[in-house]
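Here are some notes to read alongside the structure. Each point takes up one part of the model, with the residues to look for.

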Protein chains: 2
Amino acid sequence: MKLKDVGEFGFIDRIKDDALIRKYMGLVGIGDDCAVFKVDEGKSILLTTDMLLERVHFLREVMTPHQIGYKALAVNLSDIAASGGLPREAFVSIAVPEDLSLEELLEIYQGMKDLARKFDVNITGGDTTTSLQDLVINIALTGEIDEDLILYRSGAKAGDLICVTDNLGDSAAGLDLILNHRKEMHNYPQLIKQHFMPIPHVEQGRAISRSKMATSMMDISDGLASDIRHISKASKLGAVLYEERFPHSEEFQKYLAELKPDYLKTAIGVGEDYCLLLTVPQKNFADLKKNLNELGHQLYNVGEMTEGEDIYIISKKGEKSILTLSGWDQFKEH
Amino acid sequence: MKLKDVGEFGFIDRIKDDALIRKYMGLVGIGDDCAVFKVDEGKSILLTTDMLLERVHFLREVMTPHQIGYKALAVNLSDIAASGGLPREAFVSIAVPEDLSLEELLEIYQGMKDLARKFDVNITGGDTTTSLQDLVINIALTGEIDEDLILYRSGAKAGDLICVTDNLGDSAAGLDLILNHRKEMHNYPQLIKQHFMPIPHVEQGRAISRSKMATSMMDISDGLASDIRHISKASKLGAVLYEERFPHSEEFQKYLAELKPDYLKTAIGVGEDYCLLLTVPQKNFADLKKNLNELGHQLYNVGEMTEGEDIYIISKKGEKSILTLSGWDQFKEH
């Protein structure tokens, strides 16, 4: 069945179910011109928006519709996590090509809803339109946070430790397997899963912001090598990264040994880790790590902020060099 | 110059100027993971989102980049107007094809900024990505409103007058001229302008919601014939429209006389009027009309809500028939 068989409004009727998983304060969600929401007193509202296009951000022939929907919401949840916020209302705009069936479209929404439920997020509204070629999904997601707990990119101080909340490179390795080593994919289920269905670090972000032990935070979408530059620039500092401290999963180690990719590019140059990158004063590191460990989460120190503006990397052999790898800037040709 | 020559972050630096036209409460706009905003106590937040795709919603060969940016924001402002709200923060996601120059891209933003300034709206954040073919723009726009002033689609009562705040069909006529009568376009500047650069009825929406004299409201995007069905369905009522009451501009009358289009389809079947459609108890009509006239705005009565669920139209000859024209449902084949 095609979208045109039920029409836009028939479609909206079908996705309404389970879209609101929290009681909606008696106000109106999907179906009116605007969604309306209230926030508790003293809360600030966060809003993030991310657009995913077929053939640019995902390939329909290698991802299931459920995974596409899941990931479209996951990358937005990761942005709310990066500010330390509590994700709340998702607004989904989707442009639907002719060859996508209604069943596939509903599966995309099911992928979003399954993830939304885990994080107590409503799918509150959006827009549905046709596309002449590619599937396009844009999600605008709101979050709530106490204003004094928001973590920006600009708060880092010289001497602060640069930390991440997960292993690096799994998603990039997964992507490499999908694109270049399909016959090997079945040997690396965790790398593939990390690429298709990353778990946004919302709990970690909330715990970190509430602890007040970090000075800046963001999520790793473009790779550590690129994203650390945002904190450096916003905080007017340099940074030094230690290659030997980069945390990696067992599967990633196996992938390195067997497929011998460009190590630095895969570990910190491609991104889509969707874990958190934060700076922590040295005196707070042990306490924050313990705090996260008690919640079942991780904290790894991979470098430190410095005076100046350059980003250095210390290789495993101890050689110091300027980190010229610029990560994955979507537009810039390297 | 192309987007890739400056990169995503170089581009963001260039659009930051003038993006925030209101003082931003000291919080962070373009450039962090999330935008943060606060609202005054007692206010509810509205959020609307609309996605526009090249070749589906606009043609790059007939619209200037400035017009494309303007219109992308205008349709969202119209949704906030439809709830009676005050538009506040715009989040722009854009997918940029290779053949769009940086200059054109900046012109798109200039079109948004020029309209944003008129309505005191900030461009607060967004997402920028590449597209392999079509230009795609999604805007998520927030608004503020006192909760007790929000007008939904569901508040109409039987006997309420159905009203619109502008002439009908000008935009549809403009589109017909652009697509089918390009040599005649110069004779109809107002129709063309109404199609490319509609003025969202934000002032009217605010005045109507504050007056508390209307029972339901929405904006006309798909055409009166289609949009009245949303109010009917949400309010569980029928409606009757009077063809002879439909307000039209002088240029529209001239277009009818000279180009002899399908009248009903053009007047109420295509849409993109972006004026407001509202229901008003009969006792309030004269006062509300006077109220709007004093602000330089219009109010026209085009029909009334009835018991039942059918939508009827009374022709100029006085013949009553079920209105089968379903307006422009993007997906459904008529």
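1. Begin with helix H7 of chain B, residues 224–235. The model is a predicted one, so the check here is of its geometry: at 1.5 Å a residue, the 12 residues of this helix should span 16 Å, and its end C-alpha atoms are 16 Å apart, which agrees. The buried residues of H7(B) are Leu224(B), Ala225(B), Ser226(B), Asp227(B), Ile228(B), Ile231(B), Ser232(B) and Ser235(B). An α-helix has 3.6 residues a turn, so residues three or four places apart point the same way. After H7(B) comes Lys236(B), with a positive phi near 55°.

2. Turn next to H7 in chain A, which also covers residues 224–235. Its 12 residues should span 16 Å at 1.5 Å a residue, and the distance of 16 Å between its end C-alpha atoms agrees. Buried residues of H7(A) include Leu224(A), Ile228(A), Ile231(A) and Ser235(A). Just after H7(A), the phi of Lys236(A) is positive, at about 55°.

3. Taking contacts in chain A between residues at least 6 apart in sequence, 85% join residues at least 24 apart.

4. Which residues have the most contacts inside the largest nonpolar core? They are Leu73(A), Met112(A), Leu73(B) and Met112(B), in a core of 158 residues. With neighbours within four places in sequence left aside, Leu73(A) is in contact with Ala90(A), Met112(A), Leu115(A), Ala116(A) and Ile139(A).

5. In chain B, look at helix H4 (residues 170–180) and helix H5 (residues 189–196), which pack at an angle of about 100° with their axes 7 Å apart. H4(B) is therefore roughly perpendicular to H5(B). By class, their contact has six nonpolar, five polar and one charged residues. On the H4(B) side the residues are Asp170(B), Ser171(B), Ala173(B), Gly174(B), Leu175(B), Leu177(B) and Ile178(B). They meet Gln190(B), Leu191(B), Ile192(B), Gln194(B) and His195(B) in H5(B).

6. Is Leu151(B) buried or exposed? Leu151(B) counts as buried because it has 25 C-beta neighbours inside 10 Å, and the cut-off for buried is 20 or more. Its place is in the loop between strand E5 (136–146) and strand E6 (161–164) of chain B. Not counting residues up to four places away in sequence, Leu151(B) touches Ser83(B), Gly84(B), Ser209(B), Ala214(B), Ser216(B) and Met217(B). Ser209(B) is 58 residues from Leu151(B) along the chain, yet their C-alpha atoms are separated by 6.5 Å.

7. Lys320(B), in strand E12 (residues 320–322) of chain B, is exposed, with 9 other C-beta atoms within 10 Å. Residues up to four places away in sequence aside, Lys320(B) touches Tyr312(B) and Ile314(B). From Lys320(B) to Leu241(B) is 79 residues in sequence and 9.4 Å in space, C-alpha to C-alpha.

8. Finally, two backbone angles in chain A are worth a look. Arg55(A) is a residue other than glycine with a positive phi, near 75°. Arg55(A) lies in the loop between strand E2 (43–53) and helix H2 (65–83), and is partly exposed, with 14 other C-beta atoms within 10 Å. Glu272(A), not a glycine, has a positive phi of about 60°. Glu272(A) sits in the loop between helix H9 (263–269) and strand E9 (276–280), and is buried, with 22 other C-beta atoms within 10 Å.

Technical notes. Residues numbered from 1 in each chain as written. Chains lettered and ligands numbered in written order. Predicted model: local features only at pLDDT ≥ 70, side-chain atom pairs only at ≥ 80, totals over all residues. Helix = DSSP H or I, 4+ residues; strand = E, 2+ residues; numbered from the N terminus. Expected span 1.5 Å × (residues − 1). Buried ≥ 20, exposed ≤ 12 C-beta atoms within 10 Å, placed from the backbone. Core = buried A, V, L, I, M, F, W, Y, C linked by C-beta atoms within 7 Å. Contact = placed C-beta atoms within 7 Å. Axes fitted to C-alpha atoms, helices over the stretch in contact; angles between N-to-C directions. Parallel < 35°, antiparallel > 145°, perpendicular 65-115°, else oblique. Nonpolar A, V, L, I, M, F, W, Y, C, P; charged D, E, K, R; others polar.
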